[in-house]
Amino acid sequence: MAAIMILNGSPRAPRSNSKQYAELFSKSCRSETEYFPITRTNHLELCRAVERFSDLLFVFPLYADGIPVTLLNFLKVLEAHPPQKKPVISVLINCGFLEPHQNDTAVQMLRLYCKQNGYPFGSVLKVGSGEAILTTPFRFLAAWKIKRLASSICSAQYRTLEVTMPIPKRWFLKASSAYWLRYGRRNGVTKEEMETMQIEGNPI
Amino acid sequence: MKLILSDRHLELPEADHPSIKFIDLSKLKIANCIGCFGCWTKTPGRCVIRDDAVNVYPYIAKSDSVLYISRVKYGGYDTTMKTMLERAIPVQQAFIRLVHGETHHVQRNVAPKRAVVIGYGALSKEERNLFCKLVARNANNMNFESFRVVFASEQELEATVRKEVSAWRPL
């Protein structure tokens with residue numbers, strides 16, 4: 001039976017969507033899992049822990065079309081301190097955009113990392129609308145795909161999966177606006193303020 | 001305005017011109033984005049982390065020509081450039097629009113750009129191809145109206161940058 005290390009590469013790991021995706025993964029996985037957030041100070045500790053696992057699942061958000069710096073920095077340390085027995089690396093990535101394929105470049109970066117460093121590459125789940133899907137009636141779709149991801153890793157039948165909210169793009173624009181307006185309202189910020197075109201008060 | 005954003009020190013007398021801003025990121029103190037969404041939902045257009053990044057992204061927004069110089073790592077930008085690009089999201093709004101049929105964030109006052117991205121240190125053709133794909137993705141999210149990717153070795157980097165900057169003249 002596989003033992004799966006889950007590494008959260010989100011910069012806001014303790015209160016991230018990635019943490020929720022990781023929890024869903026653990027709940028639906030029949031193998032033993034252990035969860036770790038990547039912090040600024042635990043890279044070497046994590047590198048040592050990798051030895052104990054047959055599989056490693058990176059869970060992280062898309063940042064500026066690629067891997068977030070939080071994860072990038074850890075990958076560089078892992079490259080310098082590789083485990084003797086290399087686990088199979090899988091990816092659970094989410095982006096706030098509707099299209100799961102916007103995650104492709106970041107996934108390819110992880111594939112390249114594996115190739116450059118001799119890790120077998122496993123499964124992928126690309127989540128679109130990942131900022132909001134867990135708070136919508138479509139949560140079950142994400143949970144279902146995460147279960148399939150877990151099953152593929154446990155059985156070593158690695159595959160690439162994707163999920164998003166099955167709604168037209170125009171609906172998504174309205175739904176995401178409503179989501180962000182609620183977010184702003186909680187901070188006492190109006191729609192007009194959120195729509196400001198000024199950047200740092202346009203000092204240049 | 002034209003912006004040169006580099007992840008390392010470069011000797012560039014060609015950049016000594018009032019319409020060119022040269023920023024050496026390696027000399028700045030820029031923390032990681034913490035994903036708090038403050039720049040969208042608390043202090044729109046302003047990052048809540050008040051370090052050197054807040055002096056850089058207004059130039060990114062304002063410039064109609066940009067020249068980015070970065071080491072390539074795993075097919076993407078290495079840490080120094082990537083950290084800055086992640087911290088530049090105050091130039092966007094939280095709200096989503098369609099760009100070429102894909103969902104992307106609405107830009108604030110961001111000039112459309114002609115972008116040249118110089119990558120150095122790429123280890124293979126596969127890594128260079130992936131970096132090109134990344135810049136093509138950036139084009140949609142960073143308001144590039146056109147872009148070009150150039151690769152250079154570390155030894156030829158400065159000459160490559162100088163050549164690109166010289167091509168901006170007459171300014």
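In what order do the elements of chain A run from the N terminus on? They follow the pattern β-α-β-α-β-α-β-α-β-α-β-α-α. Please keep in mind throughout that the model before us is predicted.

Let me begin with chain A as a whole. Its secondary structure amounts to 7 helices and 6 strands. The radius of gyration of chain A is 18 Å, close to the 17 Å that the globule rule gives for 204 residues, so chain A is as compact as a globular protein of that length. The C-alpha trace of chain A spans about 55 × 40 × 25 Å along its principal axes. Of the 204 residues, 45% count as buried. If we take the contacts in chain A between residues at least 6 apart in sequence, 78% of them join residues at least 24 apart.

Chain B can be described in the same terms. It has 5 helices and 8 strands, and along the sequence these give the pattern β-β-α-α-β-β-α-β-β-β-α-β-α. A compact globule of 171 residues would have a radius of gyration near 16 Å, and the 16 Å of chain B agrees with this. The C-alpha trace of chain B spans about 45 × 35 × 30 Å along its principal axes. Buried residues account for 42% of chain B. Among its contacts between residues at least 6 apart in sequence, 65% join residues at least 24 apart.

I turn now to the place where the chains meet. Here 43 residues of chain A are in contact with 47 residues of chain B. On the side of chain A, the elements that give two or more residues are helix 3, helix 4, helix 6 and helix 7. Which of them provides the largest share? Helix 6 of chain A does, with 8 residues.

Just after helix 4 of chain A, Gly118(A) takes a positive phi of about 75°.

Strand 5 of chain A also has a partner strand. It runs parallel to strand 6 of chain A, and 4 bridges join the two. Leu125(A) stands opposite Leu161(A), which lies in strand 6. Between these strands the chain passes through helix 5 of chain A, residues 139–154, and this β-α-β crossover is left-handed.

Most residues other than glycine have a negative phi. Asp65(A), although not a glycine, has a positive phi of about 70°. Asp65(A) belongs to the loop between strand 3 and helix 3 of chain A. Is Asp65(A) buried or exposed? It is buried, because 25 other C-beta atoms lie within 10 Å, and 20 or more are required. Glu200(A), again not a glycine, has a positive phi of about 50° and is found in the segment after helix 7 of chain A. Glu200(A) has 18 other C-beta atoms within 10 Å and is therefore partly exposed.

How values were computed
Residues numbered from 1 in each chain as written. Chains lettered and ligands numbered in written order. Predicted model: local features only at pLDDT ≥ 70, side-chain atom pairs only at ≥ 80, totals over all residues. Contact = placed C-beta atoms within 7 Å. Rg over C-alpha atoms; globule rule 2.2 N^0.38 Å. Buried ≥ 20, exposed ≤ 12 C-beta atoms within 10 Å, placed from the backbone. Pairing = 2+ DSSP bridges. Right-handed = clockwise from strand over helix to strand, strands pointing away.
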